[in-house]
Amino acid sequence: MNRFFGFVGKESLHIIRDLRTMMILFGIPVVQILLFGYVLTNEIKDADIAILDHSRDVVTSEITAKLLSSGYFRLAADISSTDEVEPLLRSGRVRQVIIFEPMFAARMVREGSAAVQIVADGSDANAANMVVSYATAVIGDYVSGMQEMRPGVAPVRAETRMLFNEELKSAFTFVPGTMALILMILSAMMTSVSIAREKEKGTMEVLLVSPLRPVQIVLGKVLPYVVLAFLNAVIIIVLGVLVFDMPVMGSTALLMGVTLLYISLSLSMGIMISTMARTQQTAIFISMFMLLLPVMLLSGFIFPISSMPLILQWMSKLIPATYFIVIIQNLMLKGAGIGFVWVEMVVLAGMMLLFIVVSVLKFKPRLE
Amino acid sequence: MDSREVVIEARDMVKRFGSFTANDRLNFHVYRGEIFGLLGANGAGKTTALKILCGLSKPTSGEIRVAGYSVRHNPNQIKRNIGYMSQKFSLYEDLTILENIRFFAGIYGMRRREIRKRSATMLKKLGLEHAAGRLIADLPTGWRQKLAFSIAIFHDPQIVFLDEPTGGVDPITRRQFWEMIYEAASRGITVFVTTHYMDEAEYCDRVTIMTDGQIMAIGSPAELKSAYKAESIDEVFRMLARNIE
Amino acid sequence: MRTILFILQKEFLQVFRNRTMLPMILLMPVVQLLVLVNAATFELKSIDMAVLDSDRSLMSHELVSRFEGSPYFKLTHLLSQGAAEAALYDNSADVVLVIPGGFERTMVREGGAPVQLLINAIDGMAAGLIDLYAGNIIAEYGSDMALGGSGDSPAGFGGLSQPDETIGQGKPDRPGGLKPALSPIEVTHRFLFNPTLKYTIYMLPGILVILVTIVGMFLTAINIVREKEQGTIEQINATPILKYQFITGKLIPFLIIALFEFALGLLAAYLLFDMPVLGSLWLVFLITFAFLLVALGLGLLLSAISSNQQQVSFTIFFFLLLFILMSGIFTPTESMPEWAQRINIINPFKYYMRALRMILLKGAGIVDVTRDLLFLGIYGSIALGVAVWRYRKVRA
């Protein structure tokens, strides 16, 4: 056992000595969490729009004012002719143009209805969908405001309560997501590359003929990274709490336990990758390629899983980060107990077991 | 007394890394066509000196000329005229023998037709003509070493620098290796070689013995042995090493 | 020039010899592109709504049926407040609609009544949309009731994926036969450049760029460091090769591989997803070339100043993630705070993404993207220049 700890010590020294790598390893979560927490949002705020007002009367200017004060839109261009609409949208300067027909207020009174046309830049389908919905909602709001002034009508009002994230902060989605992504890739890349390096240099053979058992070798390589990744996770969580006011409603111990489970899973994935890769280059490519985009896109980090086609929803179930994100959100934001997360935890543990079994099976022949 | 042409000249060559002095005012010169050995224990400063001469490392001070050019001002002119074989084995393991030859000859500016012609003769001489398409990774160490040397002199440099070329090879291969060195010298290539095998010193025309960054002795093996009244260079070396303590 | 050719030849040999790497470089990106692009949508297709109807009246049934009629909501019925909370906790519902007891009575007596929406707001954007969608249906129901209408009108906030559809409240043909509610403002909309709002078209170039950049940047960045680790760099440094020749020789093979990869992905997108290529293909490749100079130049630069592969790959991972997530590929950039937008000036992805999408999807010409092209060109030259400068043949 002493021998084993000596080995762990040597591995830790390797890591600590490489000052630049250490700085990067700790810089990554801090910078990225801060930046993404503040910066990333999938909401539309201050979208640039243009208004083509053929009427310029009281009603259109009231609606315009309402649109621009909604926080969703910013007036980027005031145009006066229909010919300008398409070039303006083509240039990418505005996301949509709102067109009021001539004699707007007059028509509303005389014919009971006037027309607004929204022309949006559909090339970004997601954003187009949103800006049109927002604009429609703002105008709809204006209409019901008008109707309410009619006597005797108190329409059905929906009282909305936003649970778990009252201020609708994007950080609440992006912090757990970034954490899942960073921990997974760092852990998998760290272990797979460092094991592949030993193979490349031929020092793996030296270790294998030493009295250390293969399990001890692998554990010795992984253990320092467990500590490192765990510290990273703690930093991320603390930043989330202090900077973004994320609550930790559930049990802190459970949160730490789950994080440790996820890190171990990521590291065992790294070990599995290293059994497939003979060189560092291959290890880096497998960990980057297999993980970065699939985790980013399928885990629900950016795009909601429920919006995906069914096949991709199934695929997202194969991504460990999917479960981790749900657990973190449940524990931190909803204050759920173990009763609500144990299924996900069992899945993660099962995945980890699978990676370990595969690694052991693939590792064996090398020893003979 | 000597009218031979000097191709390497070091005057007061100093190299410091922080407070550590790796080369402490070295003075020596090497004649054209000579096999010049730089002897010393590990860490004596041999590799540092050799890297300065090859233009891989900047000297802290001193006037050093190789092949007629100053290492400080014209390192690239020097590189045109030398061959180099580093201590660390440095052919591409994922390329074949022929591909390695082609690559290194190519970046020395040789023409393709000439490369083809010469590599055929070279492989034949090494007895590797049937192995031209094999990956370096699949070759035994002895072969790799011989191949690395052949590639280092493939472009007919004036001088070839060999850094511990026989480290880790068996005695038979070492002999064969030295035969190749002799053959290169007979073609007029100056050979500058570092080693910590004292018996190899006997193969050199002249040797320099370094300890702790300083030159302790310089001369032909016979001169050194008679000067120190020793049976072998190994004995000379041990006497010098003891003097220091 | 000849010297550079020899390096080219060697690099290609090394890339194509590695049997594990080859499929990863050539096939994986295309497969990932084609599969993952389908995941990139915010469009809420099915919202899980749990209904807690404590009133169980005709009017409350009518409200619920409005949601049932909407293609966006998938309904389950609950019996107790406790079940409602549990549904939100275990994610079986995104939103709970609570209709209080006495709903119908209040409606009749006061002409209106409140209902409650409990939304799981962890994903703030989705929550906002759910609120919007549900609010629209409820408001429409409310004004229909107020105007005396009751029939089963289709959900009025409308499927936005159909062009030129009326979103505004009230449709004239109502089977109930009661007087049609004419909305005072009729809102119609039209989507230019992509009338059916296929989000894949917008995401394809983005994901393609990410994949091509990963391949190109990692290949170049690992390359020089690997020669350092294996010691072959010393052998090269002892040759008369010039610094710019070395860097160029390292750049071109990966530039070619990345361009090839890009072309392959574009072709696949074109064939399988009807990806439009409205602008000039030359311009597409010109701007891609300029961008790759930046990406690979940065890769080479990082490689020249790093000492091992682990270090360089973490550094690249760091920058890549920042660049990608701030580029506007997935999320809109105008919602970012002012200071972040200023930092984003150094993000090459931002310029490239904007220009590439404009050329492909809107048929923008060279005039429209001159600024981006110029910026990328300058950026690339600087990155490569610094890479040449920082690559040390002689150790101090």
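## An open sheet in chain B

In chain B of this predicted model, four strands make an open sheet in the order β2-β1-β4-β5, with antiparallel pairing. Strands here are DSSP runs of E with at least two residues, helices are runs of H or I with at least four, and both are numbered from the N terminus. Two strands pair if DSSP finds at least two bridges between them. β2 (20–31) and β5 (69–70) of chain B stand at the edges, each with a single partner strand, so one side of each has no neighbour in the sheet.

Strand β4 (residues 61–66) of chain B pairs with β5(B) over two bridges, in the antiparallel sense. There, B:V66 stands opposite B:Y69. Helix α1 (residues 46–53) of chain B packs on the sheet and touches β1 (6–17), β2 and β4 of chain B. Its direction makes about 120° with that of β1(B). Such angles run from 0 to 180 degrees between N-to-C directions, with axes fitted to C-alpha atoms, for helices over the stretch in contact.

## How the model is read

Residues are numbered from 1 along each chain as its sequence is written, while chains are lettered from A and ligands numbered from 1 in the order in which they are written. The model is predicted: local features need pLDDT of at least 70, side-chain atom pairs count only at pLDDT 80 or more, and totals for chains, interfaces and linings use all residues.

## Chain B as a whole

Chain B has nine helices and ten strands. Its radius of gyration is 18 Å, close to the 18 Å that the globule rule gives for 245 residues, so chain B is as compact as a globular protein of that length. This radius is taken over C-alpha atoms, and the rule is 2.2 Å times the number of residues to the power 0.38. The C-alpha atoms of chain B fill a box of roughly 50 × 40 × 40 Å along the principal axes.

Buried residues make up 42% of the 245 residues in chain B. A residue is buried if 20 or more other C-beta atoms, placed from the backbone, lie within 10 Å of its own.

## Chain A and its helix α13

Chain A has 14 helices and five strands. Its radius of gyration is 28 Å, whereas a compact globule of 368 residues would have one near 21 Å. The C-alpha atoms of chain A fill a box of roughly 95 × 45 × 40 Å along the principal axes. Of the 368 residues in chain A, 49% are buried.

Helix α13 (residues 320–334) of chain A has 15 residues. It reaches 20 Å from its first C-alpha to its last, close to the 21 Å expected at 1.5 Å a residue. That expected span is 1.5 Å times one less than the number of residues. Since 15 of its 15 residues are buried, α13(A) is largely enclosed by the rest of the structure. Just after α13(A), A:G335 takes a positive phi of about 70°.

## Where the chains meet

Two residues are in contact if their C-beta atoms, placed from the backbone, lie within 7 Å. Two pairs of chains touch, and chains A and C have the most contacts. 105 residues of chain A are in contact with 104 residues of chain C. Helix α6 (residues 125–148) of chain A gives the most to chain A's side, with 15 residues. Eight bridges join strand β4 (residues 114–121) of chain A to strand β5 (residues 185–192) of chain C, and these strands run parallel. A:V116 stands opposite C:V187.

22 residues of chain B are in contact with 21 residues of chain C. On chain B's side, α2 (75–80) and α3 (97–107) are the elements that give two or more residues. No contact joins chain A and chain B, whose closest C-alpha atoms lie 11 Å apart.

Methods:
Buried ≥ 20, exposed ≤ 12 C-beta atoms within 10 Å, placed from the backbone.
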